[in-house]
Each structure stands twice: as structure tokens, then as C-alpha cells.
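Dear colleague,

Please find below the structure I promised to hand over. My notes on it follow directly after.

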Amino acid sequence: MLTFKIKRFNELSLSELYQLLQLRSEVFVVEQNCVYQDIDGKDEKALHILGFYENEIVAYSRLFNKGNYFDEASIGRVIISEKVRDKKWGHDLMKVSIEAVEKEYHTTEITISAQEHLKKFYEAHQFVQTSEMYLEDDIPHIQMKRSW
């Protein structure tokens with residue numbers, strides 16, 4: 001079973017920080033063969049969602065309050081380790097992330113910059129496409145919004 005912890009940057013242990021950066025690099029840089037600056041100076045403003053399985057971070061997202069990334073609150077760096085993707089925990093991660101945005105930032109309006117091939121995944125969480133495709137680090141993305 002996946003266990004979630006929600007932490008601010010200054011609450012992360014060194015081990016957690018190392019694991020989450022390693023996971024992000026593993027997937028976004030190595031697996032997707034995309035050279036980009038993952039450590040972007042925004043982690044300190046973010047709320048971090050950590051998904052643990054057998055004492056290892058295998059799921060992660062970071063959340064921003066409105067104005068810190070987009071005009072609305074946002075969810076980004078949504079990631080599931082390749083070794084556990086068959087468990088479909090991405091939906092659990094999004095549910096926890098959305099609930100955390102609503103509780104911590106007191107809003108239901110959320111904007112994301114989604115990889116285009118994950119459009120149906122995000123639509124399952126009531127996000128709708130609000131932009132044409134654009135390239136972000138040479139990967140096709142679309143902006144999507146969720147509002148209740």
C-alpha cells in the first residue's frame with residue numbers, strides 16, 4: 001500500500017529531499033531523455049506530496065499556491081516510479097494532491113502544465129484542456145484547468 005506524507009520544503013529530511021530529487025531525475029531527465037534544469041528554485045515555495053512504498057519514495061508531486069506558478073493554484077512534477085506504475089497509483093497521487101490544494105490553499109481552481117500524452121489521465125480528475133499544444137523542454141504539453 002502507498003502511504004502519503006505532505007510536507008513543506010523545510011520539513012523534508014535530507015533523505016527525503018535526496019530521494020525525491022533522484023526520482024525526478026530518474027524519470028524526467030533519464031527516462032524521458034530530456035536535459036533540463038529540474039532544480040529550478042521553486043521547491044522552497046512548494047508543498048511536497050511524498051508517496052512511500054516499502055520506505056522508498058515512489059510517488060511525488062509538488063503544489064503551489066495561486067500566484068507562485070500560475071494565477072491559480074497548481075500541481076506539478078507529478079511522478080510515479082517506473083517500477084510501480086503497474087499499480088495505478090497515479091490516480092491516488094492526484095486525489096491526494098487535489099485534496100491538499102483545496103485544504104492548504106482554500107481553492108478549487110487548479111492549473112497544470114500537462115504532458116500531452118497524459119490528457120486522458122488528467123481528464124479523469126476533471127481537468128479540461130485550456131490551451132493548444134506547446135513545447136516545454138521539447139516535450140508536447142497542454143495547459144489544463146480544474147474548477148468546481
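Which side chain does aspartate 38 meet in a salt bridge? The model is a predicted one, and in it the partner of aspartate 38 is arginine 77, with N and O 2.7 Å apart. Aspartate 38 lies in the loop between H1 and strand S2 (47-53), whereas arginine 77 belongs to strand S4 (residues 73-80), so the pair ties together parts that are 39 residues apart in sequence. Both aspartate 38 and arginine 77 are buried.

Arginine 24, in helix H1 (residues 14-31), touches both of these residues; its contacts also include Asp43, Tyr60 and Arg62. Arginine 24 is buried, at a relative accessible area of 0%, and its side chain makes a polar contact of 3.1 Å with the side chain of tyrosine 60.

The count of salt bridges comes to 14. One of them joins glutamate 16 to lysine 7, with the closest N and O atoms 2.9 Å apart. Glutamate 16 has a relative accessible area of 7% and is buried; lysine 7, at 18%, counts as buried as well.

Another salt bridge links glutamate 123 with lysine 119 at 3.7 Å. These two residues lie in helix H3 (residues 119-123), 4 residues apart, or about one turn of the helix. Glutamate 123 is partly exposed, at 34% relative accessibility, and lysine 119 is partly exposed at 29%.

Finally, helix H2 (residues 90-105) has 16 residues and reaches 22 Å from its first C-alpha to its last. Its buried residues include Leu93, Val96 and Tyr105. Just after H2, histidine 106 takes a positive phi of about 55°.

With kind regards

How values were computed:
Residues numbered from 1 in each chain as written. Predicted model: local features only at pLDDT ≥ 70, side-chain atom pairs only at ≥ 80, totals over all residues. Heavy atoms only, no water. Buried < 20%, exposed > 50% of the residue type's maximum accessible area, 1.4 Å probe, protein only. Polar contact = N/O pair within 3.5 Å; in protein donor to acceptor, adjacent residues only side chain to side chain. Contact = heavy atoms within 4.5 Å. Expected span 1.5 Å × (residues − 1). Salt bridge = Lys/Arg side-chain N within 4 Å of Asp/Glu carboxyl O. Lists of a residue's contacts leave out its neighbours within four places in sequence.
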